[in-house]
Amino acid sequence: MTVTAVRKNPQALSLTLDAEFDASPERVWQLWADPRQLERWWGPPTYPATVTKHELTPGGRVEYHMTGPDGDQPRAYWDVEEVDPPRSLVVSDGFANEDGSPNTDMPMNQFRVTISEIGAGRTRMSIISTFPSTEAMEQLMAFGMEEGLTQAVGQIDAILADDAVGQVAAPGT
């Protein structure tokens, strides 16, 4: 499985997910940088994402919704703080109302993505989510954040495998 570790640290108000891939850092970065690729994995399999705005630059915003099995469409956004392709990304992550405005009933968190080569065509990606308070962390954990993130990242290997099949199936193209 892609995900190698998930650690909650209530004292540091953080959740860390580590994953490793048979791909270059540049290829793993594309999973974030290309909105169509992001849609293929962001969100658990039962809640696939649709990206409606993708400004992956400092000060930019990424907006998306997920579509649940019953047709519900929870909305969310990232306010992009830092971008250092293909090494890191920092965003403030929040839920949105139907009109795209922040849903203040749900807490925000910040997450930092780091992508690093670990040798021989392998890459480690870490996602460290930090929360503003114990209550915010508990609310988002109860909402299923840990399971959803683990399931979402768990879909990346299939995307990378599709790349490899496409390369083998279409040599010289």
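Asp22 is exposed, with a relative accessible area of 59%.

Arg122 itself counts as partly exposed, at 27% relative accessibility. Now widen the view a bit. Glu20, Asp22, Arg122 and Arg124 are linked in a network of salt bridges. The general idea here is simple: side chains of opposite charge can pair when their charged atoms come close.

How many salt bridges turn up in the whole structure? A search finds 14. Let me show you another one, between Glu146 and Lys8, where the closest N and O atoms are 3.1 Å apart. Here too, distant parts of the chain are linked, with Glu146 in helix H4 and Lys8 in strand E1 (residues 3–9), 138 residues apart. Lys8 is partly exposed, with 48% relative accessible area. Glu146, on the other hand, is one of the buried residues of H4.

While we're on H4, which runs over residues 145–153: this helix is mostly covered, since 7 of its 9 residues are buried. Besides Glu146, those are Met145, Gly148, Leu149, Thr150, Ala152 and Val153.

One more salt bridge, and then we'll move on. Glu55 and Lys53 meet through their side chains at 3.9 Å, N to O. Both ends are partly exposed: Glu55 is at 36% relative accessibility, and Lys53 is at 32%.

Next up, the aromatics. The whole-structure search gives 11 aromatic pairs. Take Trp32 and Trp41, which pair edge-to-face, with 5.0 Å from centre to centre and 85 degrees between the planes. Are these two buried or exposed? Trp32 counts as buried because its relative accessibility is 0%, and Trp41 is buried as well, with a relative accessible area of 0%. Trp41 also forms an edge-to-face pair with Trp42, this time at 5.4 Å centre to centre and 85 degrees between the planes. Trp42 is buried too.

Which residues make up the cluster around these tryptophans? Trp32, Trp41, Trp42, Tyr64, Trp78 and Phe111 form one aromatic cluster. Elsewhere, there's a ring with a charge on it: the charged end of Arg61 sits over the ring of Tyr77, 4.1 Å from the ring centre.

Arg61 takes us to a hairpin. Strand E3 (residues 49–54) and strand E4 (residues 61–66) run antiparallel and are joined by 5 bridges. If you want a spot to look at, Thr50 stands opposite His65 in E4. The hairpin has 6 residues between the strands, and Gly59 takes a positive phi there, near 85 degrees.

As background, most residues other than glycine have a negative phi, and most peptide bonds are trans. Leu13 has a phi near 55 degrees, a positive value in a residue that isn't glycine. You'll find Leu13 in the loop between E1 and E2, and it is buried, with a relative accessible area of 18%. Ala120 also has a positive phi, about 50 degrees, although it is not a glycine. Its place is the loop between strand E7 (109–119) and E8.

Pro86 is in the loop between strand E5 (75–84) and strand E6 (88–96).

Where pLDDT is low, the predicted coordinates should not be read in detail.

Notes
Residues are numbered from 1 along each chain as its sequence is written. This is a predicted model: local features need pLDDT of at least 70, side-chain atom pairs count only at pLDDT 80 or more; totals for chains, interfaces and linings use all residues. Side-chain values use heavy atoms; hydrogens and water are left out. Rings of Phe, Tyr and Trp (its six-membered ring) pair if their centres lie within 6.5 Å; planes under 30 degrees apart count as stacked, over 60 as edge-to-face and the rest as tilted. Buried means under 20% relative accessible area, exposed over 50%, partly exposed in between (1.4 Å probe, protein chains only). A charge sits over a ring if NZ of Lys or CZ of Arg is within 6 Å of the ring centre and within 35 degrees of the ring normal. Helices (H or I, at least four residues) and strands (E, at least two) are DSSP runs, numbered from the N terminus. A salt bridge is a side-chain nitrogen of Lys or Arg within 4 Å of a carboxyl oxygen of Asp or Glu. Two strands pair if DSSP finds at least two bridges between them.
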